[in-house]
Amino acid sequence: MEEEVNSDGQRRYRTAVSYDEHMSSHFHSWKEDFTEKPERFTETIKRCKKYGLVERCKFVPSRLATEEDMRVYHTEELIDILEKSQFLPLEEMRKLSRLYDYLYFHKDIYTNARLALGCTIDLVEQVVTGKVLNGFAIVRPPGHHAMSNEFNGYCYLNNVATAAKLAVKKHGLKRILILDWDVHHGQGIQYCFYDNPNVLYISIHKYLDGKEWPYLRESDYDHTGEGTGVGFNVNIPLNVIGCGNCDYMAVFHQIILPIAYEFDPELVIVSAGYDAALGCPEGEMEVTPVCFAHFVSLLSSLAGGKLCLVLEGGYCIDTLAEGVALSLKTLLGDPCPLLEPLGSPHPRTRESILNVIKTLRPHWKCLQFQGQLSDSVVSEFKGVLDWPPQ
Ligand SMILES: [Zn+2]
């Protein structure tokens, strides 16, 4: 395990990792080779071990989230349905699954969702209290689509939203940045903090002018928060498939990093999905695994290095495993592998960046340097304001 000396002269581990082998036990019982499958977890852990990364980390033992943990964000009713789901016969489980969007139940879901939440909470706690510098909760099932009273998109309990709420509640943090680079919009996190200026939620996601799941009008760039939370919800919609390193790097440098620096977070949590990675059938984007290492590196200078990654989606097993392993390697302080030269972002990415800047500039000084953007930026933009999409 790698240790470093902190400013108080005490020794501490640099990076923590948390997971539980049991997280591979659930699967879709009535659809063979379903995208959200156990190999997502087993192959990812295998790759991290192959590169010798796990043994370099402090291992945070897994635990089941308690009823109290689950109730930080979720209703009693949702927790009750989840608990009872483990005892249902298959046909009843199928019926229950049909009530939700993109979701299946399995007898182990209740246990694994609680393990994922317990691991996330404890990993974030290690970072917040300075026991480690940073860490990665490599968990399954994911969490960012789960809402207070609704399961959604392979997500049952919202790991990241709960951990962030607890960091505010227990440690009085006033500025937490949640960056969601999963290719889907984490609406469960957005809803949780929509009126809250203490938690800045930035999401970059496939939107396709509203034609991409979860088909929400509120995933677009003009949904910026409400009440005192206005300006603290940043949606960066990608309206074409095939976005790659250059598109994501442009978004990082033009929007994410300037706003993040101005916000000056005390803690950064990443909803780290790898479904924007090359080869993912759900994402249809082309970000290389190496580029995720660079994202980690770019975020490492914020919040004194207090950076927590929490696994969300990722359905191309190879680029998921490689992306997670290279992200963990970067958390451990290894230099990032070289990135291929960047091309130009797609015109639709440029349009999204300009629309985000135009919409959020009243709230962030760093976005006021570009001079006046002409109205043509908005008029270039076809059909997005018509809802529902054609
Ligand atoms: Zn996703």
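Helices (H or I, at least four residues) and strands (E, at least two) are DSSP runs, numbered from the N terminus. This is a predicted model, where local features need pLDDT of at least 70, side-chain atom pairs count only at pLDDT 80 or more, and totals for chains, interfaces and linings use all residues. Residues are numbered from 1 along each chain as its sequence is written, and side-chain values use heavy atoms, with hydrogens and water left out.

**Stop one: helix 10**

Select residues 317-331, which make up helix 10. At 1.5 Å a residue, these 15 residues should span 21 Å, and the end C-alpha atoms are 21 Å apart, which agrees. After helix 10 comes Gly333, with a positive phi near 100 degrees.

**Stop two: the zinc ion**

Which atoms coordinate the zinc ion? Asp182 (OD), Asp182 (OD), His184 (ND1) and Asp275 (OD) do, at 2.0 to 2.7 Å. Donors here are N, O and S atoms within 2.8 Å of the metal (3.2 Å for Na, K and Ca); water is not among the atoms, so sites may look incomplete. The angles among the four donor atoms run from 53 to 157 degrees, and the site is irregular. For reference, four donors count as tetrahedral if all angles lie between 85 and 135 degrees; four count as square planar and six as octahedral if opposite donors are over 155 degrees apart and all others between 65 and 115; anything else is irregular.

Along the sequence, the donor residues follow the spacing D-x1-H-x90-D. Asp182 sits in the loop between strand 5 (176-180) and helix 7 (187-193), and Asp275 in the loop between strand 8 (267-272) and helix 9 (289-299), so the pair ties together parts that are 93 residues apart in sequence. Asp182 is buried, with a relative accessible area of 1%, and Asp275 is buried at 0%.

Over the whole structure, a search finds 22 aromatic pairs. Rings of Phe, Tyr and Trp (its six-membered ring) pair if their centres lie within 6.5 Å; planes under 30 degrees apart count as stacked, over 60 as edge-to-face and the rest as tilted. The ring centres of Tyr274 and Phe292 are 4.6 Å apart with planes at 50 degrees, so this pair is tilted. Tyr274 is buried, with a relative accessible area of 0%, and Phe292 is buried at 1%.

Next, select Phe34, Tyr102, Tyr104, Tyr154, Trp213 and Tyr315, which ring pairs link into a cluster.

Tyr154, in the loop between strand 4 and helix 6, has a positive phi near 60 degrees. Trp213 is joined to Pro214 by a cis peptide bond, with omega about 5 degrees. Another cis bond runs from Arg140 to Pro141, with omega near 0 degrees.

**Stop five: salt bridges**

Stay with Arg140: Glu36, Arg40 and Arg140 are linked in a network of salt bridges. A salt bridge is a side-chain nitrogen of Lys or Arg within 4 Å of a carboxyl oxygen of Asp or Glu. Between Arg40 and Glu36, the closest N and O atoms are 2.7 Å apart, and both residues are buried.

Finish at helix 3 (residues 76-85), where Asp80 and Lys84 are four residues apart, separated by about one helical turn. They form a salt bridge, with the closest N and O atoms 2.8 Å apart. Asp80 is partly exposed, with a relative accessible area of 32%.

Definitions and conventions:
Buried < 20%, exposed > 50% of the residue type's maximum accessible area, 1.4 Å probe, protein only. Expected span 1.5 Å × (residues − 1).
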